[in-house]
Amino acid sequence: MRINQDPKRLAHPSAVSSLCCVVGLLMLSVPQTEAAFSTPTPLTNTSTDTSDQQVATSGSNVYIVWRDFESGAVPPNFDVYFARSLNGGATFEAPQNISQSPSTSANPRIAVSGQHIYIAFSDTGGTFLAHSENGGLSF
């Protein structure tokens, strides 16, 4: 598979340095020097219904949020999870449960500016915002 890397044909010139695509909860990355997608990287070990994936980047850091069942929750409910990669998507740290809610969380959205990460999501009672000032190390 060949990737057109002509910046005049891409929607955003910075997309040339690293193209990425989320399929389910597998992360695929395409460094500029390669012509094929990498082997998918699993971000979770669950076989549950994951959805609402969102990806953001800052430099070589890749951040992803999604909605998934909380492991072991009775009754089962959806929570919002976050994972980060500090090496362009080659590997990811263990997912963090951002919403930690006893009710269903949904519609996660992510925005990144340098080391600041903002994750918005809905839950019973309204819309919530989680903010990290250290690149997602803590919220």
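Is phenylalanine 139 buried, partly exposed or exposed? At 36% relative accessibility, phenylalanine 139 counts as partly exposed, where buried means under 20% relative accessible area, exposed over 50% and partly exposed in between (1.4 Å probe, protein chains only). The model is predicted, so to speak of local features a pLDDT of at least 70 is needed, side-chain atom pairs count only at pLDDT 80 or more, and totals for chains, interfaces and linings use all residues. Residues are numbered from 1 along each chain as its sequence is written, and side-chain values use heavy atoms, with hydrogens and water left out.

We can turn to the sheet. Four strands form an open sheet in the order 4-5-6-7, with antiparallel pairing; strands here are DSSP runs of E with at least two residues, numbered from the N terminus, while helices are runs of H or I with at least four. Two strands pair if DSSP finds at least two bridges between them. The edges are held by strand 4 (51-58) and strand 7, each of which pairs on one side only. Strand 4 is joined to strand 5 by six bridges in the antiparallel sense, and glutamine 54 stands opposite valine 65 in strand 5. Between strand 5 and strand 6 there are eight bridges, again antiparallel; here tyrosine 63 has arginine 84 in strand 6 as its bridge partner. Strand 6 and strand 7 (residues 96-97) run antiparallel and are joined by two bridges, with asparagine 97 in strand 7 as the bridge partner of tyrosine 81.

Eight of its eight residues are buried. On one side of strand 6 are Phe78, Val80, Phe82 and Arg84, and on the other are Asp79, Tyr81, Ala83 and Ser85, so that both faces are covered.The interior next to these strands is formed by nonpolar cores, each a set of buried Ala, Val, Leu, Ile, Met, Phe, Trp, Tyr and Cys residues joined through side-chain atoms within 4.5 Å. The largest has eleven residues: Ala56, Tyr63, Val65, Val80, Phe82, Ile98, Ile110, Ile117, Ile119, Phe121 and Ala130. At least two residues of this core come from each of strand 5 (61-69), strand 6 and strand 9 (116-123). Strand 9 gives the largest share, three residues. For phenylalanine 121, leaving aside neighbours within four places in sequence, the contacts (heavy atoms within 4.5 Å) are Val80, Ile98, Ser99, Ser105, Ala106, Asn107, Pro108, Gly126, Thr127 and Phe128.

Next come the aromatic rings. The structure holds five aromatic pairs. Rings of Phe, Tyr and Trp (its six-membered ring) pair if their centres lie within 6.5 Å, with planes under 30 degrees apart counted as stacked, over 60 as edge-to-face and the rest as tilted. Phenylalanine 69 and phenylalanine 78 are stacked because their ring centres are 4.5 Å apart and their planes are at 15°.

An edge-to-face pair is formed by phenylalanine 82 and phenylalanine 139, at 5.0 Å centre to centre and 75° between the planes. Phenylalanine 82 lies in strand 6 (residues 78-85) and phenylalanine 139 in the segment after strand 10 (126-132), so this pair ties together parts that are 57 residues apart in sequence. Phenylalanine 82 is buried, with a relative accessible area of 0%. Ring pairs also link Tyr63, Phe82 and Phe139 into a cluster.

Charged side chains complete the picture. Arginine 67 lies over the face of phenylalanine 78, at 3.8 Å from the ring centre; a charge sits over a ring if NZ of Lys or CZ of Arg is within 6 Å of the ring centre and within 35 degrees of the ring normal. The structure holds two salt bridges, each a side-chain nitrogen of Lys or Arg within 4 Å of a carboxyl oxygen of Asp or Glu. In one of them, arginine 67 is joined to aspartate 52, with the closest N and O atoms 3.7 Å apart. This pair links distant parts of the chain, as arginine 67 is in strand 5 and aspartate 52 in strand 4, 15 residues apart. Arginine 67 is buried at 17% relative accessibility, while aspartate 52 is partly exposed at 26%. Glutamate 93 forms a salt bridge with arginine 84, the closest N and O atoms being 2.7 Å apart. Here glutamate 93 is partly exposed at 36% relative accessibility, and arginine 84 is buried at 8%.
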